[in-house]
Amino acid sequence: MGFNIYDFTGMTHNMHVSFMEHMSPLMTTIVEWTIIGVCYLLFIALFGLFLVYAERKVCAMFQQRMGPMRVGYWGLLQTIADFIKLLMKELITPKGVDKFLYNLAPFIIMIATFMAMAVLPFAKGLQTLDFDIGVFYVTAVSSIGVIGILIAGWSSNNKYSLIGAMRSGAQILSYELSVSLSLVTMIILAGSMQLSVIVEGQRDAWFIFKGHVPALIAFVIFLIAGTAETNRGPFDLAEAESELTAGFHTEYSGIKFAFFFLAEYINMFIVAAMAVTVFLGGWMPLHFGSLESFNHVMDFIPPLVWFFLKVGGVIFLIMWFKWTFPRLRVDQILTLEWKYLLPINLVNILLMSLVVLTKFHL
Amino acid sequence: MNGLFEYIKTVFKGVGTLLTGMKITGSYFFRPWKHVTQQYPENRETLKMFDRFRGEVIMPHNENNEHLCTGCGICELNCPNGSIEIISMSVLTEDGKKKRAIDKHIYHLGMCTFCNLCVKACPTGAIIMGQEFEHAVWDRTKLTKVLNLPGSKIAQGVKE
Ligand code: SF4
Ligand code: SF4
């Protein structure tokens, strides 16, 4: 079983072959599914916890504080301690809730998150599913999450939850448009919706450089709309601690609350990963046209490292937004989307088509 | 056409103001040595509280064990929650006159809200805010203090 940190295709293929030798095809499928499932579970749990820690630290730094410092070195184990605490909390079901829906909602959100994760290319050959409509698939399944939010708010029998869920619905419905349209802009440039092809297409120049002005505009719009999609500040009026206590997950406790919490952070990761895949070259190293030696040095850094570096950068940007800007009002949110982002986006698509038609790109 | 121009101007202005905000928070983020948080028990030796910090009410005494308190009771009247009790006595001055003086200036630290009103009200400036803040004790009777030291008397020349 050859292990190559630059290309995982061989490794996964060899694993598949050796499984096939020892087991029936059905067993192989089951074993492979289990392995992948466990990997994703571990990744979501650990990376989600890390993101919570990172968020607290970054937030503290922006506010000239230090953040968690006591549990572990520089507070590294803080979120793990918090998570254990959450696991041991009593699961309270308030009076008058719709029991079935109330218990279902956290799972719907988690499932949506898992499904979106499935197509992300982490490195060459490290992609679970490679649909030829990958981009479309991600935008489609990521909007399943809002159903979970709506159900959670509706079934909680709490006015704040309901208001939060409704706001979230209105917001995600509007911003879904901007996300999709900015992705469409890039699909025009890439000429494919398959994520692996999109990444492959950025071997020489990342799309944000290749598509210059329209790509940059699309990137900014995607970041703004993506932040709104994940219900993060400054678009967090679905949770709005100061008005709605915690919005749609007010009534949840213990592990169910942890589900919402983790899903929110993993969704942020998914938005960042999509931004990286479509705009910033995915796991491709940074290449400049003719600088041979520079390109060679960049090739030396493994794709996984590249991927997570870029994702980290985008996540940092999203956190920067959250801890800088005040929360928008409902009408401001809708104005921003319908009066600004959407028209700019449509013009931008036109611009990108012109650029592609006239081959005015790198 | 004019409307379109205005529209584009608002977009750029909006982006500009957002970037200004991000510049400010970014300048905080990238200068971690400016952080204001103190790591308290670790820096206990070097920790210096700032001047306006209100730790507790104290009554300073000079080297002759003299203070400035006349026992007028104004601080007691001004305390919103009754944290101060003034027990005064009368003493005979040299020329045979009776005069009021402080016997016990009782201060209940456990009730004090550190509002600073007593310090503001004191006509002679006999009490000030101290910087000590480690007030934890096992027995709350220890939080009731007598601020004038035993055997102390009022300094010469303090006008009522
Ligand atoms: S600081 Fe305020 S509460 Fe404390 S003793 Fe003085 S007047 Fe009373
Ligand atoms: S401390 Fe000041 S206000 Fe209080 S009794 Fe003494 S002189 Fe009067």
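The largest cavity has a volume of about 390 Å³. A cavity here is a set of points on a 1 Å grid over the protein atoms alone where a 1.4 Å probe fits but cannot get out, and a volume is the space filled by probe spheres set on the points, which are joined across faces, edges and corners. This is a predicted model in which local features need pLDDT of at least 70 and side-chain atom pairs count only at pLDDT 80 or more, while totals for chains, interfaces and linings use all residues. Residues are numbered from 1 along each chain as its sequence is written, chains are lettered from A and ligands numbered from 1 in the order in which they are written, and side-chain values use heavy atoms, with hydrogens and water left out.

**Cavities**
- The whole structure holds four cavities of 30 Å³ or more.
- Of the 28 residues lining the largest cavity (an atom within 4 Å of a point), A:Ser142, A:Glu229, A:Thr230, A:Asn267 and A:Val271 are closest to its centre.
- α12(A) gives the largest share of this lining, seven residues; helices are DSSP runs of H or I with at least four residues, numbered from the N terminus.
- The lining of the largest cavity has 17 nonpolar, eight polar and three charged residues, where Ala, Val, Leu, Ile, Met, Phe, Trp, Tyr, Cys and Pro count as nonpolar, Asp, Glu, Lys and Arg as charged, and the others, Gly among them, as polar.

- The largest pocket has a volume of about 1,300 Å³; a pocket is an open set with protein on both sides within 12 Å along at least five of seven lines.
- Among the 35 residues of its lining, A:Val220, A:Ile224, A:Leu341, B:Val11 and B:Val15 are closest to the centre.
- The largest share of that lining, twelve residues, comes from α1(B).
- The lining of the largest pocket comprises 28 nonpolar, seven polar and no charged residues.

**Ligand surroundings**
- Ligand 1 is surrounded by 13 residues (a heavy atom within 4 Å), the closest being B:Cys79, B:Cys112, B:Cys115, B:Asn116 and B:Cys118.
- Around ligand 2 there are 13 residues, of which B:Cys69, B:Cys72, B:Gly73, B:Cys75 and B:Cys122 come nearest.

**Cysteines**
- There are zero disulfides over all chains, a disulfide being a pair of cysteine sulfur atoms within 2.5 Å.

Note on methods: Helices (H or I, at least four residues) and strands (E, at least two) are DSSP runs, numbered from the N terminus.
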